[in-house]
Amino acid sequence: MKKFCSNCGNELAEGADVCTKCGKMVNASNAAAGSKNKIVAAVLAFFLGTFGAHNFYLGHTSKAVTQLVLTIIGYITLIFLIGSLFIMATGIWAFIEFIMILTGSIKDSDGNALV
Ligand SMILES: [Zn+2]
């Protein structure tokens with residue numbers, strides 16, 4: 001049975017671990033469920049969610065950077081009081097994603113469910 005890269009559609013050599021065209025890791029056991037752990041993601045979201053840690057872990061880098069930047073802006077502007085709004089908003093955002101991770105609504109950046 002032929003396999004194709006989920007990223008670029010390139011045909012894969014039998015038993016290949018890496019796509020020769022785009023360099024993406026491809027793994028047969030990866031097809032149904034992802035390799036990212038739900039508990040790890042949930043713990044990261046709960047304790048370091050305002051820094052985007054869970055999104056960095058899941059590969060949602062742009063979302064993670066947004067959360068990190070909002071939190072940094074929040075701490076920098078904390079002296080002007082407005083900063084607490086940024087930190088609170090990011091905290092609520094991260095907490096919602098913490099719940100969504102637990103309920104399985106969030107997938108990793110490859111679209112695979114968390115295991
Ligand atoms: Zn590829």
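This briefing covers the aromatic contacts of the structure. The model is predicted, so local features need pLDDT of at least 70 and side-chain atom pairs count only at pLDDT 80 or more, while totals for chains, interfaces and linings use all residues. Residues are numbered from 1 along each chain as its sequence is written, and side-chain values use heavy atoms, with hydrogens and water left out.

**Aromatic pairs**

- Searching the whole structure gives three aromatic pairs (rings of Phe, Tyr and Trp, the last by its six-membered ring, with centres within 6.5 Å; planes under 30 degrees apart are stacked, over 60 edge-to-face, the rest tilted).
- Phe46 and Phe47 are edge-to-face because their planes stand at 80°, with the ring centres 5.2 Å apart.
- Phe46 and Phe98 make a tilted pair, at 5.1 Å centre to centre and 55° between the planes.
- This pair links distant parts of the chain, with Phe46 in helix H1 (residues 38–48) and Phe98 in helix H4 (residues 83–102), 52 residues apart; helices are DSSP runs of H or I, at least four residues, numbered from the N terminus.
- One aromatic cluster is formed by Phe46, Phe47, Phe95 and Phe98.

**Accessibility**

- Phe98 is buried at 15% relative accessibility (buried is under 20% relative accessible area, exposed over 50%, partly exposed in between, with a 1.4 Å probe and protein chains only).
- Phe46 is partly exposed at 46%, and Phe47 is exposed at 62%.

**Charge over a ring**

- Lys36 sits over the face of Tyr57, 5.9 Å from the ring centre (the criterion is NZ of Lys or CZ of Arg within 6 Å of the ring centre and within 35 degrees of the ring normal).

Notes: Helices (H or I, at least four residues) and strands (E, at least two) are DSSP runs, numbered from the N terminus.
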